[in-house]
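Please read it alongside the sequence and the model displayed here.

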Amino acid sequence: TNTLQFWVASRAHHADIGGLTPGSMPPNSRHIDHEGVLIDALRIVNTGQLDQAAVVEALSAGPHPARQITQNLADLSAQLAANQRGLVEIDRMIEQFGLHRVLRAMEEVQANATEHVREVIEQLSDGQWSKTLDNGARIEVAVKVDHDRRRARIDFRGSSPQLADNFNAPAAITRACVLYVLRCLVKADIPLNDGCLEPIELIIPEGSMLHPKPPAAVVAGNVETSQALTDALLAAMGAQANSQGTMNNLTFGDAEHQHYETICGGSGAGPGFDGCDAVQVHMTNSRLTDPEVLEMRFPVRLEAFGVRWGSGGVGQWCGGCGAFRRIRFLAPMTVAVLATSRLIAPSGLHGGADGAPGRAWIERSDGRVEPLSGCDHAPVNPGDVVTVETPGGGGWKTHLAID
């Protein structure tokens, strides 16, 4: 009999999978159907070939179907090619070393990660943090350390109940943030894997904004709540002041064009280091499209992109500065912003100053200026310019602090 031993997977961000706005990041979604096409366990490969008809049918369904299905098909083909490459490499590894050694090595990789996290736990103390988002939702996290057992409990009880807006984060997002933070605290160069969570008791209350029930809207949970989660965890562990706390999601498009980008900002300072200026922090892990490519593929012009000097929180160690970005539109489109840290600034720690909050606005071709809130969308016309200023990171300790 065949026994399932391995999974290969590839994850990709498709430019559009439907939803209320081009780019599938609607700031005003209130139901999962508003955020794109829902696909539940659809078989897309049959006899080794991509079943394009099945994919087209699925992406064309629902109240808000995908806008550029040919692009989705190309992206899926690339993902399937990546998976096939993974299968080939696993087979080569087994052929070279034997199945038993491969399985044993994978167990040892996880056991090694577990041990390194236990070493981190030995250096931690109990801590807690409360992080409030611009919409009033609150993330509560408490870290309880058991040094004798070399284990820790990370408890999110007290966080806000499931939200009516789209800032709900599925439990998988919450778990991923915990995994990321633990890996960041490990100094050794180890691969990210589930062994990091073995010494952790994770409590995520069901029905909360961190473990919502369907059909909750969740599009901001992945990109925004995840950033707040990471900031809260690092602060509770005393490792770093809050970073920009947002991905500054900017989407624009029409029936033909869709573009989605996240914009860098300031990272938080920590014990012995300043924050970095204008970087993608924590859960973003993405790069912006090159200006030449952006302007070649879309009817826009990138007019400015630089460091927002003075936006980092001051302290003995200073938070990193945010960025500013100006895009002029050459054709009518819809612009959407999905961001936080607009009303509540990224927090400093131990007396360090907060970073500056972010903001965005549209400069109309006739000179009018229209502010954009953190969750907003608006039509733009030729000659209009959208400007985004991203938050700075928090500072660490008061400027006059002496160790």
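A residue is called buried under 20% relative accessible area, exposed over 50%, and partly exposed in between, using a 1.4 Å probe and protein chains only. The model is predicted, so local features are reported at pLDDT of at least 70 and side-chain atom pairs only at pLDDT 80 or more, while totals for chains, interfaces and linings use all residues. Residues are numbered from 1 along each chain as its sequence is written, and side-chain values use heavy atoms, with hydrogens and water left out.

**Cysteines**

With a relative accessibility of 32%, C375 is classed as partly exposed. Its sulfur lies 18 Å from the closest cysteine sulfur, that of C177, which is too far for a bond. A disulfide is taken as a pair of cysteine sulfur atoms within 2.5 Å. The structure contains zero disulfides. C276 is accordingly in no disulfide, and the nearest cysteine sulfur, in C321, is 11 Å away. C276 is partly exposed, its relative accessible area being 42%.

**Aromatic rings**

A pair of aromatic rings is described by the distance of the centres and the angle of the planes. Rings of Phe, Tyr and Trp (its six-membered ring) are paired if their centres lie within 6.5 Å; planes under 30 degrees apart are stacked, those over 60 are edge-to-face, and the rest are tilted. Two aromatic pairs are present in the structure.

In one of them, F252 and F298 have ring centres 6.0 Å apart and planes at 85 degrees, so the arrangement is edge-to-face. F252 belongs to strand β7 (residues 249-253) and F298 to the loop between α6 (291-297) and β9 (300-308), so this pair ties together parts 46 residues apart in sequence. Helices (H or I, at least four residues) and strands (E, at least two) are DSSP runs numbered from the N terminus. F252 is buried at 0% relative accessibility, and F298 is buried at 13%.

F252 also pairs with F329: the ring centres are 5.2 Å apart and the planes stand at 90 degrees, so this pair is edge-to-face. Because F252 is in strand β7 and F329 in strand β10 (residues 322-329), the contact ties together parts 77 residues apart in sequence. Both F252 and F329 are buried.

The charged end of R325 sits over the ring of F305, 4.6 Å from the ring centre; the criterion is NZ of Lys or CZ of Arg within 6 Å of the ring centre and within 35 degrees of the ring normal.

**Salt bridges**

Side chains of opposite charge can pair when their charged atoms come close. Here a salt bridge is a side-chain nitrogen of Lys or Arg within 4 Å of a carboxyl oxygen of Asp or Glu. By this rule the count is 25 salt bridges. The table lists examples.

| Salt bridge | N to O distance |
|---|---|
| E140 and R138 | 2.6 Å |
| D155 and R157 | 2.6 Å |
| R328 and E303 | 2.4 Å |

The pair of R328 in strand β10 and E303 in strand β9 links distant parts of the chain, 25 residues apart. R328 is partly exposed, with a relative accessible area of 23%, and E303 is likewise partly exposed, at 34%. Elsewhere, salt bridges with shared partners join R364, D366, R368, E370 and D384 into one network.

D155, from the bridge with R157, counts as buried at 10% relative accessibility.

E35 is found in the segment before β1 (45-46). E35 is buried, with a relative accessible area of 7%. E35 and N193 are 158 residues apart in sequence, and their C-alpha atoms are 29 Å apart in space.

**Nonpolar surface**

M93, F97 and M106 make a nonpolar surface patch of about 240 Å². Patches consist of residues with over 30% relative accessible area and no salt bridge, joining like charges within 9 Å and nonpolar side chains (Val, Leu, Ile, Met, Phe, Trp, Tyr) within 5 Å. Accessible areas come from the Shrake-Rupley method with a 1.4 Å probe; for residues, only the protein chains shown count as cover. F97 lies in helix α2 (residues 69-97) and is partly exposed at 38% relative accessibility.
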